[in-house]
Amino acid sequence: MSARVDVPRDLRIRSRWAPHVTTLRYLALFALVCLFLIPVYVLVVTALKDPSQVSPRQMWNLPDVLSLDTFRTVWPKLETGFRNSLVMAVPASIISSVLGAANGFVLSKWRFPGADIVFALILFGMFIPYQSILIPLRQVLSDAGLTNLTGLALVHIIYGLPITTLIFRSYFASISDELIDASQVDGAGMLRTFAYVAVPIALPAFAVSIIWQFTQAWNDFLFGIVVVTRATHWPVTVALNNTAGSQVVPYHEAMAAAALASIPTLLVYVLMGRFFMRGLMAGALKG
Amino acid sequence: MEPVGIRLQGVTKRFKGHVLAVDNVNLEIEPGEFMVLVGPSGCGKSTLLRVIAGLEEVSGGRVYLGDEDVTTKLPQHRDVAMVFQSYALYPRMSVRRNMGFGLRMRRTEKTERDRRVDEVAHILGLERLLDRRPGALSGGQRQRVAMGRAIVREPKVFLLDEPLSNLDAKLRVTMRAQLSLLHQRLGVTTVYVTHDQVEAMTLGQRVAVLRDGVLQQVDTPTNLFRHPVNLFVAAFIGSPSMNFVQGRVANGSVNFADVTIPLPAGSALAGSDRQVVVGIRPTGFSTATGDGLPTMKAVPDVVEDLGDERYIHFDVDAPRVDTEATRAAVDAKSAEDILLLPEDRARFTVRLPVDTPVTAGQPVTLAVSPDRLHFFDPESGATL
Amino acid sequence: MYRLRKWGPAILLILPSLLAIGVFVYGFLGWNLTVSLSDWRGLRPSYNYVGFENYTRLASDGRFTNSVGNVIVFTIVFVGGALLVGFLLAYLVERRIRGEGFFRAIFLFPMAISLIAVAIIWRWLMSNATGAQQTGLNRLFSSIGLEFLVNDWFKADQPFAVMAVAIAAGWALSGYIMALFLAGMRGVSDDLREAARVDGASERRVFWHIVRPMLLPVLMSAVVILVHISFKTFDLIFAMDAESRLIEMPAIYMWFTTFDSFNFNRGAAIATLLMVGVAVVIVPYIWYSMRMERRQ
């Protein structure tokens, strides 16, 4: 099918309606894109407006003058949260990926009897509504003195294990079993095979897993408010909700805050979109 | 390193779902020998190889490397080296590191490692490629690296799992000869698995023929060719395959179609009167020269001219031999798998010298020597 | 002996994860269940067994039944909407038109931002202020002559309030569903489609008879995933209008009754019910997926 692009336009095999259908498609898509991006338009336009120009009546108008003032006002309120989230999300995503890699490797390449059942049991953890473990979680963490960023990181690591395990298990399933055989015959046991053969091969999976987990940890709110008790330890989503949550806050500040808080994950999305997509698809279990 | 022998004693392997892959195999491989395991797909040859390597656990029996019972040892402790069908080179390691991996796992010193890798790379002509990754190599180069990885280890045993089947036909023929040469130089006990009987015959000092997990015959290629112990081995070994037809032995000769051939002198069937399956290899015929040999008439309908050989194909007016053994030998599940156009009669292939005057549709008289006849029991397939 | 030595290290390697999941998922689920059967109210834990009292009380709790009604409406509108839009998008983007990557990137980006941010934007788009304060979508509609579309959005009467929230959720998730369908459509081998075309089928027929049936598994996946997300929805509601009964759902109610009013037992009961609701959909799905995988 891709060969069609190389054929000169007038020689292509097409049905009579083809040109019209394609135009229709593009039109429809364009319309949908415009509708879809309305919220983005509003966000960008409002956040970049000079505060004096902000009013309900002028909401949809483009800014006459671009101004970063709103960002400057809002940033101090988000700063601590931003730093907290960073300190928490980066280690959490890395650690949970390493553990997921080990799990995925064992469950796909070192099939002990019951490996599939174990995997199903782990996988189930991905789907539980977190409400059903909140009460025990709060108890345990406050008893252990972990109602801080360390506790939050731990929570993200543990509840991130199912998806990272899934990502790596799927990835390792696609590499040849003979590679593992060769490694064993060469003299490496499971651990060394994992370290020297499996991990170097799985670098793409690491990218997917770390990016996905980072996004999840950064965007999480529920664990943020349950686990962390002190305001100084709040992640950025909680800070965002507090700054922009009440109806009293001027809406342009709320928009600017939402934009700021979303920058890291959006950056990751724009730069590493391919890996993000794969993480997204992994969750669908390819049934 | 002194070569060691391998002994398989009553080895049985049963997979989940009660699939019997290997059934009570007893095999003794001499130190330094090049033994080929051959058979149609699913016959258990790869499983047997993996059992020797330790990648499969036996369901019964014992495995000995030299005097040591290694039956319960993990692959990393057996000191065998294996070359896989897909080569299984570590994608993220350079050729040098691929080859040195086994030594590294055995904690060999870096200088010693490098020395050995360089030496083997020289033997196999891989010096220029040492810093490349497998992805940047051609199929043939990868194959050599896989071999190099095994050789560097200086193991007790080499195990090769269809290492040539991914190469194209001409390359395969050259590589075969190279492998033989290598074996002569290194003298390591080698077990080689293939489904291609031509490869088996050319490479093996001895060949073990397997069918459905059961060892049929272990012998030198010549003996397998000349004295197969059953119908399966006779049909499997030799290309083009042996011609079979149903016949009857009576009064000291064998009859099939309208052909009568006296039994060879001293034949065990001398006084019998029974049905048999007759087998004659394509090379067992010649053009009739009137020198007293029994003859048969044939009207070839297909003539193949290969440049230095000529093959003719013709029908014989007798029932075709279609048994499980003959089907298994060509890896077919049913009669329909063999023939494009259904046919009840036996079909013969005969090889003739290239300048024999023969054309499709024209009758030709062939001579066959009684010594070249094989006889098999129609029920059991055993040689008579 | 061989087996132990072969599998021993492997099991040891995954043991920490297994223990963690064992405790933090299954252990906690059981613990939560226990709390739901207890009399724990107030800050000090109390585990006196009271049978199913908390559950029966929920049945007659107006606030709870209200939240259940809301989540049902939400699920239907959200899942239906996301499926339709997602499918439409996939269908339009599918035919290797130029810029496919661009379109995909656009529709998927909401998946990269937190639902809090989504809620903030939409809360404001769906403002129901009137007169001079009128803003958001209402103002847009008024100014381009679509007056009839002006409404109270998530402050309207139920169930419309819930539907408004479902719109915001649908906007966030449609891209994901589009990606799922795209992957499914791509999975249909070109050979099959080409054979049909050569046999004389029009494009529409090719799609209807060949591609569509193969999308069933994808549809199933999508429904399961969406339903389970729907039950878990918390962030979005909380940031949009946390205290409003109009859009309150069990997940929110659980939060308030537990961490605000300290009715831990009731909260645990709600949480268990949520768990059961999700399990009913997820367990068969996981089982089916593992079955399919094994067949391959």
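Colleague: Is C:Gly27 buried, partly exposed or exposed?

Modeller: This is a predicted model, where local features need pLDDT of at least 70, side-chain atom pairs count only at pLDDT 80 or more, and totals for chains, interfaces and linings use all residues. Residues are numbered from 1 along each chain as its sequence is written, and chains are lettered from A and ligands numbered from 1 in the order in which they are written. A residue is buried with 20 or more other C-beta atoms (placed from the backbone) within 10 Å of its own, exposed with 12 or fewer, and partly exposed in between. C:Gly27 has 16 such atoms within 10 Å, so C:Gly27 is partly exposed.

Colleague: Which residues touch the most other members of the largest nonpolar core?

Modeller: A nonpolar core is a set of buried Ala, Val, Leu, Ile, Met, Phe, Trp, Tyr and Cys residues joined through C-beta atoms within 7 Å. Helix H7 (residues 160-187) of chain C gives the most to the largest one, 19 residues. Of its 290 residues, the two that touch the most other members are A:Ala258 and C:Val165.

Colleague: Why does this core lie between the two domains of chain A?

Modeller: The bounds come from an automatic or database domain assignment. The domain centres, taken over C-alpha atoms, are 33 Å apart. Both domains give residues to the core, so it lies between domain 1 (13-58) and domain 2 (69-282) of chain A.

Colleague: Which strands stand at the edges of the chain B sheet?

Modeller: Two strands pair if DSSP finds at least two bridges between them. The open sheet runs S2-S1-S4-S5 in chain B, with antiparallel pairing. Each edge strand has a single partner, so one side of each is left without a neighbour in the sheet: these are S2 (19-29) and S5 (68-69) of chain B.

Colleague: How many bridges join strand S1 of chain B to S2(B)?

Modeller: S1 (residues 6-15) of chain B and S2(B) run antiparallel. B:Leu8 stands opposite B:Leu27 in S2(B). The number of bridges joining S1 to S2(B) is seven.

How values were computed:
Helix = DSSP H or I, 4+ residues; strand = E, 2+ residues; numbered from the N terminus.
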